[in-house]
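Please open the structure in a viewer and keep the sequence panel at hand.

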Number of protein chains: 2
Amino acid sequence: MAEGLLTADSARSLVDSVDAFLLDCDGVIWKGDELIDGVSETLELLRKLGKKLVFVTNNSRKSRRQYSKKFKSLGLEVTEEEIFTSSFAAAMFLKLNSFPPEKKVYVVGEDGILDELKLAGFECFGGPEDGKKNIMLEANFYFDHDKSVGAVIVGLDQHFNYYKMQYASLCIRENPGCLFIATNRDPTGHMTAAQEWPGAGTMVAAVSCSVQKEPIVVGKPSSFLMDFLLKSFNLETSRMCMVGDRLDTDILFGQNTGCKTLLVMSGVTTLPELQDASNDIHPDLYTNSLYDLVQLLQQ
Amino acid sequence: MAEGLLTADSARSLVDSVDAFLLDCDGVIWKGDELIDGVSETLELLRKLGKKLVFVTNNSRKSRRQYSKKFKSLGLEVTEEEIFTSSFAAAMFLKLNSFPPEKKVYVVGEDGILDELKLAGFECFGGPEDGKKNIMLEANFYFDHDKSVGAVIVGLDQHFNYYKMQYASLCIRENPGCLFIATNRDPTGHMTAAQEWPGAGTMVAAVSCSVQKEPIVVGKPSSFLMDFLLKSFNLETSRMCMVGDRLDTDILFGQNTGCKTLLVMSGVTTLPELQDASNDIHPDLYTNSLYDLVQLLQQ
């Protein structure tokens with residue numbers, strides 16, 4: 001099915017047909033630490049129209065609390081409860097699956113994951129701390145690991161190294177029943193405004209290759225996060241619109257969960273990529289950036 | 001087709017029907033820095049029987065020269081000319097494809113790759129040196145890269161980090177025509193005698209995910225190395241036997257190039273894995289270790 005360009009008519013009809021907008025952050029709201037033009041006005045208008053706003057990001061580097069601060073620093077008022085990160089999703093996945101309190105969690109990732117796990121009451125280690133540790137592959141070197149680790153969570157990690165790769169591999173391979181959880185599999189992301197960087201998908205690919213096993217994905221496009229959204233807000237997915245810049249995470253997530261979908265070109269996806277014959281993920285609508293909503297609705 | 005257990009009869013018939021043995025190293029000759037029992041006697045016997053011996057390893061950490069020294073340190077006389085490493089294969093691939101001398105090579109890997117590239121006359125950088133470099137993903141950080149890089153080679157790298165991942169990604173994505181070469185895709189290997197470690201496949205998986213592109217593989221099971229073997233030695237592949245411990249590299253390499261194949265269980269593959277219904281790579285013969293050849297031939 002071919003997607004349609006957002007027009008004054010389709011923008012009005014979209015806004016009339018949904019009660020909530022689920023918004024990706026990187027590439028939709030900001031790029032790195034720079035707010036995308038017109039985002040502030042768009043969010044203000046949508047709130048004025050009585051729409052519920054939910055921010056759904058695969059970026060696991062920050063906790064919900066840290067994200068709320070980031071929104072504030074960019075001049076946007078967004079509460080923790082409106083933010084759903086893949087780091088939060090990872091912690092909630094363990095909670096929902098009654099992860100035993102005596103087990104530990106090993107983290108390949110950054111503070112966001114550790115913070116959410118601690119907030120949820122889980123004992124965890126790894127993260128930035130293990131980014132300082134080196135491996136020297138020498139003769140009879142034996143690398144020991146904690147046998148009480150019951151889950152490994154892999155997310156975006158700018159301090160990713162061979163130490164963490166082996167630690168995660170040993171836990172997953174040798175600890176019976178150890179879960180292998182990925183926050184998400186985005187290959188790249190706008191970690192800085194200036195350019196794209198390797199995403200969590202690259203760390204997940206490395207660990208997955210080492211253990212020859214596929215992870216449980218809790219971020220987009222997995223529908224896991226939607227369960228929490230539906231529990232938190234009294235809404236139907238058919239009356240939600242997922243807005244994002246990635247086809248294989250945002251738009252697929254929207255489609256997997258029965259939402260309407262709007263692709264914006266302010267992030268990683270270009271129009272030629274969307275329209276390429278090899279692409280089989282088609283949003284309902286597409287436009288340049290979130291701000292087009294305001295401009296079209298005012299026509 | 002089911003494989004056969006090596007017996008006195010099949011060992012004799014194997015030795016009679018081949019002129020050369022291609023031997024994998026990790027898991028066949030040694031584990032880490034420990035010689036596997038009976039290897040010395042086996043190589044001696046095969047040489048006495050007039051068999052040509054060729055050592056074919058996917059491990060790119062060392063150059064041929066360094067491997068020759070390693071053999072010597074373990075009491076085995078093996079010349080550089082008898083050793084074919086994936087680091088050497090990477091350098092030869094560039095040579096064979098007339099890689100322009102004014103272009104540079106970026107290396108995600110260890111000294112073996114850099115050494116072989118320099119020996120072949122190519123300008124290269126990266127490797128262990130870049131293992132010390134850190135990325136700080138801050139606001140407007142822009143990461144620059146050398147536009148004259150015409151090839152990225154990815155191999156096993158115990159100093160793998162986010163810096164190298166991004167450097168490699170930028171070269172492959174932004175330098176027109178830049179080659180993306182993998183020494184090999186082994187998921188794991190016996191980098192130390194004590195246990196298995198993540199292999200080059202994990203670094204390749206991470207970079208491949210980031211650039212959303214598959215690499216050219218020059219090590220096993222790619223048949224690329226065989227071209228050099230055939231040029232170096234006047235032999236037919238039907239009169240060669242590939243001996244290895246990995247199904248997806250060694251045995252597949254032997255089969256891809258028309259050799260007879262012998263799987264040894266002294267490395268990563270176990271008998272249950274070989275016989276599992278999900279495995280579709282079957283060697284002609286299998287046995288516990290290389291030394292069985294001596295014992296069976298003496299019966």
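Begin by selecting helix α4 of chain B, where S86(B), S87(B), F88(B), A89(B), A90(B), A91(B), M92(B), F93(B) and L94(B) are buried. Buried here means under 20% relative accessible area, exposed over 50%, and partly exposed in between, computed with a 1.4 Å probe on protein chains only. Helices (H or I, at least four residues) and strands (E, at least two) are DSSP runs numbered from the N terminus.

This is a predicted model, in which local features need pLDDT of at least 70 and side-chain atom pairs count only at pLDDT 80 or more, whereas totals for chains, interfaces and linings use all residues. Residues are numbered from 1 along each chain as its sequence is written, chains are lettered from A and ligands numbered from 1 in the order in which they are written, and side-chain values use heavy atoms, with hydrogens and water left out.

**Helix α4 and its surroundings**

Nine of the 11 residues of α4(B) are buried, so the helix is largely enclosed by the rest of the structure. After α4(B) comes S98(B), which has a positive phi, near 45 degrees.

**Strand β5 and its partners**

Next, select strand β5 (residues 52-57) of chain B. Five of its six residues are buried, so β5(B) too is largely enclosed by the rest of the structure. Two strands are taken to pair if DSSP finds at least two bridges between them. Strand β2 (residues 20-23) of chain B pairs with β5(B) in the parallel sense over four bridges, and L23(B) has F55(B) as its bridge partner. Strand β6 (residues 83-85) of chain B runs parallel to β5(B) and is joined to it by three bridges; here V56(B) is partnered by F84(B). From β5(B) the chain passes through helix α3 (residues 64-73) of chain B to β6(B), a right-handed β-α-β crossover. Right-handed means that, with the strands pointing away from the viewer, the path from the first strand over the helix to the second runs clockwise.

**Aromatic pairs**

Display the aromatic side chains. Rings of Phe, Tyr and Trp (its six-membered ring) pair if their centres lie within 6.5 Å; planes under 30 degrees apart count as stacked, over 60 as edge-to-face and the rest as tilted. The count is 29 aromatic pairs over all chains. One of them joins F84(B) and F88(B) edge-to-face, at 5.9 Å centre to centre with 70 degrees between the planes. Both of these residues, F84(B) and F88(B), are buried.

Another edge-to-face pair is F143(B) with Y167(B), at 5.9 Å centre to centre and 90 degrees between the planes. This pair links distant parts of the chain: F143(B) is in the loop between β8 (123-126) and β9 (149-154) of chain B, and Y167(B) is in helix α6 (residues 162-174) of chain B, 24 residues apart. F143(B) and Y167(B) are both buried.

**The five-stranded sheet**

Now show the open sheet of chain B, whose five strands have the order β8-β7-β9-β10-β13 with parallel pairing. Its edge strands are β8 and β13 (216-217) of chain B, each pairing on one side only. Strand β7 (residues 104-108) of chain B is joined to β8(B) by four parallel bridges, and V107(B) has G126(B) as its bridge partner.

**Annotated positions in chain A**

Which residues of chain A does the UniProt annotation "active site" cover? In an unreviewed entry, UniProt assigns this annotation to D24(A) and D26(A). UniProt positions are given in the numbering used here, with feature names shortened, and annotations may be inferred rather than shown by experiment. Select D24(A), in the loop between β2 (20-23) and β3 (30-31) of chain A; at 6% relative accessibility, D24(A) counts as buried.

Move on to K220(A), where the unreviewed UniProt entry places the feature "binding site". K220(A) is in the loop between β13 (216-217) and α8 (224-232) of chain A and is buried at 1% relative accessibility. Contact means heavy atoms within 4.5 Å. Leaving aside neighbours within four places in sequence, K220(A) contacts residues including D24(A), N184(A) and D250(A).

**Across the two chains**

Finally, select T192(A) in strand β11 (residues 188-192) of chain A. T192(A) is buried, at 0% relative accessibility. Leaving aside neighbours within four places in sequence, its contacts include L137(B), E138(B), A139(B) and F141(B).
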